[in-house]
Amino acid sequence: MIFYRTIWMLVFRDRSFFKSNIDILFCPFGTYSGSFTPFVSMSRNMLIFDRIERKRFPTFSLINIKLIILNLFQVRSFIKASGIIFISEHAQSFISNIVNIKNVSQQIIHHGVSHQFDSYPKKNKLNYLNSTFKLLYVSTIWPYKHHLNV
């Protein structure tokens with residue numbers, strides 16, 4: 001299956017974009033290497049750019065090599081993009097300091113929990129300070145997620 005997908009991406013992908021008469025291509029994974037323009041890329045994974053956090057993985061591990069390759073593809077994609085969507089001001093500032101994207105239109109669209117959840121639980125008949133809370137943290141288990149801190 002991956003073989004056919006790779007062939008399609010290398011040979012037919014851009015051809016199908018041009019034939020479809022689309023106005024703009026949105027690449028939410030941030031890595032587009034084709035020739036169709038205009039396209040908007042998205043920065044959703046800071047681990048690709050944060051070398052300090054990447055050091056939590058062994059140097060010659062598959063995940064570290066994958067992150068380095070993704071970094072090369074995303075940098076190239078961001079430079080060629082007509083626009084980039086960032087998940088936070090931190091991501092925009094951090095990446096802008098290491099990649100020359102001054103001429104690329106940029107927008108921040110926050111991901112995460114809304115500020116409406118910033119309040120304490122409302123008091124009810126139970127004393128919530130002495131109650132047991134059950135939390136569910138849905139995520140992959142990687143060192144950079146800092147599970148002990150969460």
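Q: What share of the chain counts as buried?
A: Of its 150 residues, 27% count as buried. The model is a predicted one.

Q: How many helices and strands does the chain have?
A: The secondary structure comes to four helices and four strands.

Q: And which pattern do they follow along the sequence?
A: Read along the sequence, the pattern is α-β-β-α-α-β-α-β.

Q: Let us take H1. Which residues does it cover?
A: Helix H1 comprises residues 2-19, and Tyr-4 has its place there.

Q: What span should H1 have, and what do its end C-alpha atoms give?
A: At 1.5 Å a residue, the 18 residues of H1 should span 26 Å. The end C-alpha atoms are 24 Å apart, which agrees with that expectation.

Q: Where does H1 bend?
A: The bend is at Phe-12 and amounts to about 55°.

Q: Is Tyr-4 buried or exposed?
A: Tyr-4 counts as exposed because its relative accessibility is 62%, and exposed means over 50%.

Q: Which residues make the nonpolar surface patch?
A: The patch is made by Ile-2, Phe-3, Tyr-4, Ile-7, Trp-8, Met-9, Leu-10, Val-11 and Phe-12. Its area is about 980 Å².

Q: Which residues in H1 are buried, then?
A: Arg-13, Asp-14 and Phe-17 are buried in H1.

Q: Arg-13 and Asp-14 carry charges. What do their side chains form?
A: The side chains of Arg-13 and Asp-14 meet in a salt bridge, with 3.6 Å from N to O. Both of these residues are buried.

Q: How many salt bridges are there?
A: The count comes to two. Besides the bridge of Arg-13 with Asp-14, Glu-53 forms one with Arg-56, where the closest N and O atoms are 2.7 Å apart.

Q: How accessible are Glu-53 and Arg-56?
A: Glu-53 counts as buried, at 17% relative accessibility. Arg-56 counts as partly exposed, at 42%.

Q: Turning to the rings: how many aromatic pairs are there?
A: The count comes to seven aromatic pairs. One of them joins Phe-17 and Phe-36; this pair is edge-to-face, with 6.0 Å centre to centre and 70° between the planes.

Q: Which parts does that pair tie together?
A: Phe-17 lies in helix H1 and Phe-36 in the loop between strand E1 (25-27) and strand E2 (39-43), so the pair ties together parts that are 19 residues apart in sequence.

Q: What are the relative accessible areas of Phe-17 and Phe-36?
A: Phe-17 has 17% and is buried. Phe-36 also counts as buried, at 4% relative accessibility.

Q: How do the rings of Phe-18 and Phe-36 sit?
A: Their centres are 5.2 Å apart and their planes are at 55°, so the pair is tilted. Phe-18 lies in H1 and Phe-36 in the loop between E1 and E2, so this contact ties together parts 18 residues apart in sequence.

Q: Is Phe-18 buried, exposed or partly exposed?
A: Phe-18 is partly exposed, with a relative accessible area of 45%.

Q: Which residues form the aromatic cluster?
A: Phe-17, Phe-18, Tyr-32, Phe-36 and Phe-39 form one aromatic cluster.

Q: On to the backbone. Where is the cis peptide bond?
A: A cis peptide bond joins Thr-37 and Pro-38, with omega at about -5°. Pro-38 is found in the loop between E1 and E2, and Phe-36 lies in that loop as well.

Q: What is the phi of Asn-21?
A: Asn-21 has a positive phi of about 55°, although it is not a glycine.

Q: Where is Asn-21 found, and is it buried or exposed?
A: Asn-21 is found in the loop between H1 and E1. With a relative accessible area of 66%, Asn-21 is exposed.

Q: Last topic, Leu-47. In which loop does it lie?
A: Leu-47 lies in the loop between E2 and helix H2 (51-54). At 6% relative accessibility, Leu-47 counts as buried.

Q: How far apart are Leu-47 and Asn-71, in sequence and in space?
A: Leu-47 and Asn-71 are 24 residues apart in sequence and 9.1 Å apart in space, from C-alpha to C-alpha.

Methods:
Residues are numbered from 1 along each chain as its sequence is written. This is a predicted model: local features need pLDDT of at least 70, side-chain atom pairs count only at pLDDT 80 or more; totals for chains, interfaces and linings use all residues. Side-chain values use heavy atoms; hydrogens and water are left out. Patches are made of residues with over 30% relative accessible area and no salt bridge: like charges are joined within 9 Å, nonpolar side chains (Val, Leu, Ile, Met, Phe, Trp, Tyr) within 5 Å. Accessible areas come from the Shrake-Rupley method with a 1.4 Å probe; for residues, only the protein chains shown count as cover. A salt bridge is a side-chain nitrogen of Lys or Arg within 4 Å of a carboxyl oxygen of Asp or Glu. Helices (H or I, at least four residues) and strands (E, at least two) are DSSP runs, numbered from the N terminus. Buried means under 20% relative accessible area, exposed over 50%, partly exposed in between (1.4 Å probe, protein chains only). Rings of Phe, Tyr and Trp (its six-membered ring) pair if their centres lie within 6.5 Å; planes under 30 degrees apart count as stacked, over 60 as edge-to-face and the rest as tilted. The expected span of a helix is 1.5 Å times one less than its number of residues. The bend at a residue is the angle between axes fitted to the seven residues ending there and the seven starting there.
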